[in-house]
Amino acid sequence: MRPTMYRTGTPLSVAFYDSYRPNVVAGDYQVRTEQVLDGNNLAPSLREFTVAAPRFAVAEDLVEACHPPPGASGDYRRVAAHVTLRQELLPWARLLDPAQEGKPGAGEPWFCLLVLREEEILRNELIGADGVFVTTAGVDVPRLSDVDGAAAKLTFCRIIEITAETFDRVAPRRDELPFLVHAREVSEQLHTRGVFLDDGEDLREGRFAVAFAGRLPRTDGSYQAHLVSLEGCAGHFGTTGRQPRLRLVSLKSWSFTHRASGHAGFAATMRHLARPGLADPEHGLSLRLPAPAATLPTAAQQRLEQGYVPMSYHTSSGEETFGWYRGPFTARRALDPPWGSHLLECSDAALIYLREDGVYDLSYAAAWNVGRLMVLANADLSHPLTRARSAAWRAMQLTAPDHAAPFAAFRPGPADRPDGPALSGHALVDRLMDRGVGDDVLTTLTAPPAPADPPTGTQPPSPTDPAVPPPRAVTLAPALRRGARRDASRRAVRRAVAHHIGASKARADLGTVPDAPVGGTSNTAAHLDEWTLLCAVPFHYLIPDERLLPPESLRFFHVDAAWLQALVDGAVSVGVATTLDSEITEALREAVTNHPKALPCGMLMRSQLVQDIPNLLITASAEDGTTVPGYRRDLHNGVLLLLFADVPDSITVGEPYHGLHFGLDEGDESDQDPNVISLRRLKDNRSAQQGVGQNLGVTLKNVSRFFRPVGADRVADVLRLTNDTDPGTATDDPGRGGLIAALTQALREAGEFDREDAQLCPAEFTLQCVNSPQQMTFTYPKAGART
């Protein structure tokens with residue numbers, strides 16, 4: 001037993017072992033003891049015992065995990081199927097060839113994992129274990145002599161039959177078996193995140209045995225994974241005297257479906273997305289139209305650089321011209337609009353006339369109209385606003401000064417809520433007449449007119465003039481009371497509005513924040529804010545031209561707060577009827593935009609990755625390493641929108657993690673062969689903080705050359721680990737030829753072996769085959785992207 005690949009405290013807190021070989025294998029044993037006392041031989045003592053191990057089936061409680069999961073469907077062209085067992089000794093508890101009992105072994109397991117297409121399986125049946133050894137013409141069966149026939153009749157197992165040609169093509173060679181079965185020990189430090197893939201096997205503490213297949217699916221269709229027993233099947237690995245059909249005991253089986261996605265994986269896709277930034281670090285990933293081939297006037301060129309798009313424009317007078325438009329996402333920081341923070345009461349107030357060019361900037365006017373039309377068309381947005389406006393009207397009537405609200409004297413009792421049901425028209429008139437309002441109105445209409453105010457600018461009459469009445473004492477109390485009532489009215493209006501509308505003050509990590517609900521059954525105070533309105537904006541208003549965000553692209557942008565404010569102003573304009581509504585509209589606007597911090601910038605990604613990996617990990621970080629919070633929204637058809645609460649110094653896009661599986665890595669687009677293996681460290685360098693299992697930054701390329709050669713009518717999909725020119729020939733040097741030899745040479749050149757004659761052992765090979773998540777980091781303002 002050779003333990004390797006383990007160091008406590010590193011993120012890769014897993015120990016891989018070549019094998020866990022027991023001192024004795026499964027079988028029946030006798031212990032005979034003899035004693036001699038004073039030269040006399042005493043009667044010998046004989047004790048029998050049995051070392052048990054599964055033989056015809058592996059119970060489900062012994063199976064820790066299978067990958068791909070049973071019944072799964074996905075792209076598994078670079079994934080090696082594997083099964084994890086909860087007994088670490090199990091692969092070595094029996095002998096592949098019982099004739100070798102008592103001879104020193106080399107860690108040879110007695111089972112292996114085969115991945116077979118459904119049409120390659122000639123027979124798949126659940127039978128009694130005694131039927132496994134029933135000979136049939138043309139079929140080779142396992143050769144075992146120690147099977148208890150009576151017990152076998154009571155045991156059921158699954159058998160499969162395949163052709164000898166299929167076995168030679170799919171099964172590992174005998175000298176490859178130790179590299180496809182290993183043991184591992186998981187330590188408690190594993191809970192450090194960021195090591196393994198999300199769709200792989202979830203790990204927990206303990207010791208386990210793992211078997212993985214050397215076949216990587218290349219043809220779409222259904223596959224079956226069978227953990228087959230090789231006990232008594234040593235003859236299957238030879239070609240002499242072998243029948244054309246072979247019978248195998250399937251200890252554990254499951255099925256999955258391979259569907260090639262037809263496009264590049266994560267690494268190649270992210271490199272493609274980042275390429276414009278590498279070519280033009282300053283503007284390559286900005287949200288703007290591509291530079292035109294022809295030379296444009298300076299003003300037009302500046303507009304394009306800011307992210308504007310020329311759009312046809314029909315004026316209110318019927319003329320047809322063009323104007324400049326951009327959505328809320330800009331390539332550069334937007335300037336403050338001419339109206340500042342004042343409320344826009346109509347869309348024309350948001351039109352900006354560009355005097356030098358003779359055209360209009362339509363951006364803010366369009367935002368105002370979009371906000372208004374969205375509320376009119378979407379009940380989930382309009383209901384909170386209309387309810388809030390109605391409640392604000394009631395609050396204003398009940399708290400306004402008497403001369404401004406003659407109905408205030410007939411307000412409901414103190415036990416009634418300000419936003420309770422209003423009186424009907426008849427009930428209100430009856431209450432007014434009961435209080436004598438009719439007499440007051442009649443007296444006021446029949447009274448003589450009050451004296452007119454003196455003309456502005458004239459000399460006031462002398463106080464000594466007898467026609468002038470003596471001056472009255474003036475007090476500020478009534479004016480102060482009226483001001484206090486107005487303040488109370490404003491507070492009541494805002495309280496009534498806040499009861500129905502409020503902005504979400506919470507910010508969460510980009511990986512966990514949920515989508516803002518826009519099409520649901522209702523909206524609460526935590527849902528109606530700028531973010532909700534922005535997510536409801538039709539996509540062509542956000543991105544008016546597809547060239548701004550073409551397929552398979554990524555763009556960074558600034559957020560124009562004035563555009564969002566115009567959107568909100570249009571939304572809260574619905575329901576305005578009188579000038580008294582202005583106070584309520586201001587309160588509605590304040591409630592919708594009541595967030596603790598603006599969202600100054602963001603990122604848009606349009607890629608198949610968004611659909612293939614919906615739980616992409618995207619982390620924005622400040623210079624000191626702290627996480628920048630923000631919002632995340634999956635818009636449609638593979639478009640992902642992210643808004644950040646602050647301008648980050650770096651943004652990392654990565655594959656999700658948590659699990660473990662084995663296979664190949666994806667190479668660069670420049671590589672002729674996309675299949676590579678990223679080499680990992682075999683030695684621990686504590687001084688450089690480089691632990692075992694970390695990426696060396698070196699890849700073994702063109703791994704497809706290590707697939708076994710097949711006929712012209714077949715697809716090569718089985719890895720050739722060793723030199724297998726003759727399938728029946730075993731080698732004394734398992735590192736000679738094939739993928740093992742190539743990995744050994746590459747690691748030797750990287751300085752991972754201290755001796756020139758060192759060879760890659762099964763545990764080290766397992767480490768090289770571990771698939772870990774990849775990530776790409778974009779930095780600002782420095783140029784480029786790195787993986």
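Predicted model: local features only at pLDDT ≥ 70, side-chain atom pairs only at ≥ 80, totals over all residues.
Is Phe-662 buried or exposed? Phe-662 turns out to be buried, with a relative accessible area of 0%.

The chain averages a pLDDT of 79, and 75% of the residues score at least 70. Two stretches call for some caution. Over residues 402-419 the pLDDT stays under 50, and the model has 22 contacts there beyond four places in sequence. Over residues 471-476 the pLDDT also stays under 50, but here the model has zero contacts beyond four places in sequence.

As for the overall make-up, the secondary structure comes to 17 helices and 36 strands. Of the 787 residues in the chain, 47% count as buried. Now take the contacts with a separation of 6 or more: 75% of them are between residues 24 or more positions apart.

Back to the rings. The structure holds 17 aromatic pairs. One of them joins Phe-179 and Phe-765 in an edge-to-face arrangement, with 6.0 Å centre to centre and 90° between the planes. Phe-179 sits in helix H3 (residues 177-180) and Phe-765 in helix H17, so this pair ties together parts that lie 586 residues apart in sequence. Both partners are tucked away: Phe-179 counts as buried at 4% relative accessibility, and Phe-765 counts as buried at 1%.

Phe-662 has a ring partner too, namely Phe-212, and this pair is stacked, with 5.0 Å centre to centre and 20° between the planes. Once again distant parts of the chain are linked: Phe-212 belongs to strand S16 (residues 206-212) and Phe-662 to strand S30 (residues 661-663), 450 residues apart. Phe-212 counts as buried because its relative accessibility is 4%, which is under the 20% cut-off.

Helix H17 spans residues 762-769 and is mostly covered, with eight of its eight residues buried. Among them are Pro-762, Ala-763, Glu-764 and Cys-769, along with Phe-765 itself.

The charged end of Arg-117 sits over the ring of Tyr-223, 5.3 Å from its centre. Another arginine, Arg-303, lies over the face of Tyr-308, at 4.6 Å from the ring centre.

Burial is found in a loop as well. Asp-560 lies in the loop between strand S24 (553-559) and helix H13 (561-572). Asp-560 is buried, with a relative accessible area of 3%. Leaving aside residues up to four places away in sequence, Asp-560 touches Arg-326, Pro-328, Thr-330, Ala-334 and Tyr-364.

Finally, there is a pair of packed helices. Helix H6 (residues 363-377) and helix H7 (residues 379-399) pack at an angle of about 95°, with their axes 5 Å apart. That makes H6 roughly perpendicular to H7, because angles of 65 to 115 degrees count as such. Where the two helices meet, H6 contributes Met-374, Val-375 and Ala-377, while H7 contributes Ala-379, Leu-381, Ser-382 and Leu-385.

How values were computed:
Residues numbered from 1 in each chain as written. Heavy atoms only, no water. pLDDT = per-residue confidence, 0-100. Contact = heavy atoms within 4.5 Å. Buried < 20%, exposed > 50% of the residue type's maximum accessible area, 1.4 Å probe, protein only. Helix = DSSP H or I, 4+ residues; strand = E, 2+ residues; numbered from the N terminus. Phe/Tyr/Trp six-rings, centres within 6.5 Å; stacked < 30°, edge-to-face > 60°. Lys NZ or Arg CZ within 6 Å of the ring centre and 35° of its normal. Axes fitted to C-alpha atoms, helices over the stretch in contact; angles between N-to-C directions. Parallel < 35°, antiparallel > 145°, perpendicular 65-115°, else oblique.
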